[in-house]
Amino acid sequence: MGNMTNMVARIPNLVDWSTGEARLMSRKCDSCGTYFFPREHYQHRPGCSREGVKDVLLPKKGKLASYTIQYYACPPPFKTEKNITPYGIGLVEFENEKIQVAGIITETDLKSLKLGTEMETTILSMFANEEKQEVVTWAFRAVK
Ligand SMILES: [Zn+2]
């Protein structure tokens, strides 16, 4: 991660780094136990009373459930100043929360990836905006 005080999220309310580590921003329903990501994306179990929905952060680490390697640049509106190709796109499962989240895989030897690889949430710097802030999004990388 870069200078965290000068970072701004590409899309708000998806990733939090205020504690010094990147964590995805979720919501949990106390009634049906479901976690949501993005947190506005409610998918309660059938018959749920939808009571007690609260903001929570997902754990930093999960396991790689699926992935693919891309050899061409991400289509707009995604943009990065640095060329990140080839890169992985992975589906990371947070086991206890029973939720899977997709994200770019960075800083990882892509050939070493396997299903079940322990992955951690991180911050991907995309570009500098007109206010010279670092615009960021979440990503995953293999735990070393
Ligand atoms: Zn619910």
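Strands are DSSP runs of E of at least two residues, and helices are runs of H or I of at least four. By that assignment, the predicted model contains zero helices and 10 strands. From the N terminus on, the order of elements is β-β-β-β-β-β-β-β-β-β. The radius of gyration is 16 Å, close to the 15 Å that the globule rule gives for 144 residues, so the protein is as compact as a globular protein of that length. The C-alpha trace spans about 45 × 40 × 30 Å along its principal axes.

Contacts were then examined by sequence separation. Among contacts between residues at least 6 apart in sequence, 54% join residues at least 24 apart. Buried residues make up 22% of the 144 residues.

In soluble globular proteins, nonpolar side chains tend to be buried together. In this model, the largest nonpolar core holds 21 residues. Within this core, Ile105, Ile123, Leu124, Trp138 and Ala139 touch the most other members. Two or more core residues come from each of strand 6 (61-70), strand 7 (87-94), strand 8 (99-105), strand 9 (118-128) and strand 10 (134-142). Strand 10 contributes the most, with five residues.

Ala139 illustrates the packing in detail. Neighbours within four places in sequence were left aside. The remaining contacts of Ala139 are Gly103, Ile104, Ile105, Thr106, Thr122 and Leu124. Two of these partners, Ile105 and Leu124, are themselves among the core residues that touch the most other members.

Technical notes:
Residues numbered from 1 in each chain as written. Predicted model: local features only at pLDDT ≥ 70, side-chain atom pairs only at ≥ 80, totals over all residues. Core = buried A, V, L, I, M, F, W, Y, C linked by C-beta atoms within 7 Å. Buried ≥ 20, exposed ≤ 12 C-beta atoms within 10 Å, placed from the backbone. Contact = placed C-beta atoms within 7 Å. Rg over C-alpha atoms; globule rule 2.2 N^0.38 Å.
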